[in-house]
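Trainee: I have a new structure to look at. Can you walk me through it?
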Amino acid sequence: MKKLITLALAVCLCLALALSASAEGSVYYLNFKPEQDAQWQELAALYTAETGVPVTVVTAASGNYETTLMSEIEKSDPPTLFQVNGPVGLANWTDYCYNLADSEIVKHLTSDAFALKDGDEVKGVAYVIETYGIIANTKLLEKAGYKAEDITNFETLKQVADDIQARKDELGVDGAFTSAGMDGSSDWRFKTHLANMPIYYEYQADGIGSTPAIKGTYLDNFKAIWDLYITDSTCDPALLASKTGNDAVAEFVGEKAVFYQNGTWAWNDVSALGEENLTMLPIYIGVEGEENQGLCTGTENYWCVNGTASQEDIDATLAFMEWVITSDAGRKSMSQDMGFVTPFDTFTGEYESTNPLVKIDAAYTAAGKVPVSWNFATIPSEEWKNGLGSAMTAYAAGTGDWDGVKTAFVDGWATEYELSH
């Protein structure tokens, strides 16, 4: 009888624990960054082990986040934590976004500028500040007779790249630049990040922060840098439609290319070359005064909590987010393993990023170089990017001309802006 009572008590205890766990809700994070999938999976497992709260992390394929989110959000167990890329992205998802104004995570932001608002409501919080430019192999540069300091504008970038391309067999490389792949895993580097350059300079010239009708003032400069990327390259421009992000990484890490446009998030991909052999250069496009230009620094990464989820799941998600930015495990993972610079006041001392590419950005700023802001957050739609990417690919392949790129850039902007407003 005593054994039966003990067994019954054990069963009751298990049921109570199960009910307690159920009452605590669960977390489903739809992760935007494939390059950090392993770290998020590890954090999720650790949090579940510590708290008993189930945390699922699903990582969308590169270039497919928006379509994945649209599919997942309508399911019976939708993401409780997802990402939007700024004000334009928020406009599509604001009805799903829980007001975070009174949440603990907002209280830890180092600036209100990192809160994404819709009116008085905080619908998203930035979770990483990133930088991109042209990552360069300094060892290969020196082999070719150059130093990174020799490149201070588009003219000198082109001189160095053209010389490396002409001497590629002698130098043992396949090209100055990695392939500018226009496959979905890579095209965002150009239809979004590279396209930011003419947008940035037009906004600077006109003293604006957004526009319903881009003029394309700096499209000749955009053409100059794109021409350089696709001619001083590891592959024929006609092949770019099928070239992937992994191809570019392999070419760079395999030391078959000297230059690789990407950002601080790519550190883990290129770190095998050694910190001492790498630097990051600004993306020069031939604009007057660009010698004073720094790297492209900003964010398009905003966490949003699904306000249509159950209150238990919302509370569980808020608790998980707070744990990520305050616990030793979470802070170590984000700052050291993921290499993030974060906008939270909890990341100080040993939890500051150790990413060498981040330090390079800081050095540019300390030297008085002006960072290029991330104005691509004002691009009117994903369809605009897709239209531009298709036109750039056709131009590279010789099946289209530059006028097609201009049309996609200027006319496409006005059309998509009108449709989204």
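Predicted model: local features only at pLDDT ≥ 70, side-chain atom pairs only at ≥ 80, totals over all residues.

Trainee: Is Asp232 buried or exposed?
Mentor: Asp232 is buried, because its relative accessible area is 6% and the cut-off for buried is under 20%.

Trainee: Which residues does Asp232 touch, leaving out those up to four places away in sequence?
Mentor: Asp232 touches Ala161, Asp162, Gln165, Gly175, Ala176 and Phe177.

Trainee: And how far apart are Asp232 and Ala257 in space?
Mentor: The C-alpha atoms of Asp232 and Ala257 are 9.7 Å apart. In sequence, 25 residues separate them.

Trainee: Another loop, then. Where is Lys147?
Mentor: Lys147 is in the loop between helix H6 (138–143) and helix H7 (154–166). Lys147 is partly exposed, at 47% relative accessible area. From Lys147 to Val160 is 13 residues in sequence and 9.8 Å from C-alpha to C-alpha.

Trainee: What about Lys385, buried or exposed?
Mentor: Lys385 counts as buried, at 5% relative accessibility. Lys385 belongs to helix H17.

Trainee: What is Lys385 in contact with, apart from neighbours within four places in sequence?
Mentor: Asn85, Lys191, Thr192 and Ile379.

Trainee: Let's stay with H17. At what angle do the axes of H17 and H18 cross?
Mentor: They cross at roughly 175 degrees and come within 8 Å. H17 covers residues 382–397, and H18 covers residues 402–420. That angle makes H17 roughly antiparallel to H18.

Trainee: Which residues meet there?
Mentor: On the H17 side they are Glu383, Trp384, Gly387, Leu388, Ala391, Met392 and Tyr395. On the H18 side they are Trp402, Gly404, Val405, Ala408, Phe409, Gly412, Trp413 and Glu416.

Trainee: How does the contact of H17 with H18 divide by class?
Mentor: The contact has 10 nonpolar, three polar and two charged residues.

Trainee: Now H2 and H15. How do their axes cross?
Mentor: The axes of H2 and helix H15 (residues 328–337) cross at roughly 175 degrees and come within 11 Å. H2 is therefore roughly antiparallel to H15.

Trainee: Which residues of H2 and H15 meet?
Mentor: Gln39, Leu43 and Leu46 of H2 meet Ala329, Gly330, Ser333 and Asp337 of H15. By class, that contact has three nonpolar, three polar and one charged.

Trainee: Switching to aromatics. How many aromatic pairs are there?
Mentor: The structure holds 29. One of them is Tyr47 with Trp323, a tilted pair. Their centres are 5.0 Å apart, with 55 degrees between the planes.

Trainee: Where do Tyr47 and Trp323 sit?
Mentor: Tyr47 is in helix H2 (residues 37–51) and Trp323 in helix H14 (residues 311–326). The pair links distant parts of the chain, 276 residues apart. Both Tyr47 and Trp323 are buried.

Trainee: Give me another pair.
Mentor: Take Phe222 and Trp402, which are also tilted, at 55 degrees between the planes and 6.0 Å centre to centre. Phe222 lies in helix H11 and Trp402 in helix H18, so this pair ties together parts 180 residues apart in sequence. Phe222 and Trp402 are both buried.

Trainee: Which residues form an aromatic cluster with Phe222?
Mentor: Trp384, Tyr395, Trp402, Phe409 and Trp413 are in one cluster with Phe222.

Trainee: And the nonpolar core? Which residues of the largest one touch the most other members?
Mentor: Ile164, Phe222, Ile225, Trp226, Tyr229 and Phe259, out of 77 residues in that core. Helix H11 (residues 219–231) gives the largest share, seven residues. There is also a second, separate core of 36 residues, with Val128, Phe320, Ile325 and Met338 among them.

Trainee: Why would such side chains gather inside?
Mentor: In soluble globular proteins, nonpolar side chains tend to be buried together.

Trainee: Last one. What is the phi of Glu255?
Mentor: Glu255 has a positive phi of about 60 degrees, although it is not a glycine. Most residues other than glycine have a negative phi. Glu255 is in the loop between helix H12 (245–253) and strand E8 (257–263). Glu255 is partly exposed, with a relative accessible area of 23%.

How values were computed:
Residues numbered from 1 in each chain as written. Heavy atoms only, no water. Axes fitted to C-alpha atoms, helices over the stretch in contact; angles between N-to-C directions. Helix = DSSP H or I, 4+ residues; strand = E, 2+ residues; numbered from the N terminus. Parallel < 35°, antiparallel > 145°, perpendicular 65-115°, else oblique. Contact = heavy atoms within 4.5 Å. Nonpolar A, V, L, I, M, F, W, Y, C, P; charged D, E, K, R; others polar. Buried < 20%, exposed > 50% of the residue type's maximum accessible area, 1.4 Å probe, protein only. Core = buried A, V, L, I, M, F, W, Y, C linked by side-chain atoms within 4.5 Å. Phe/Tyr/Trp six-rings, centres within 6.5 Å; stacked < 30°, edge-to-face > 60°.
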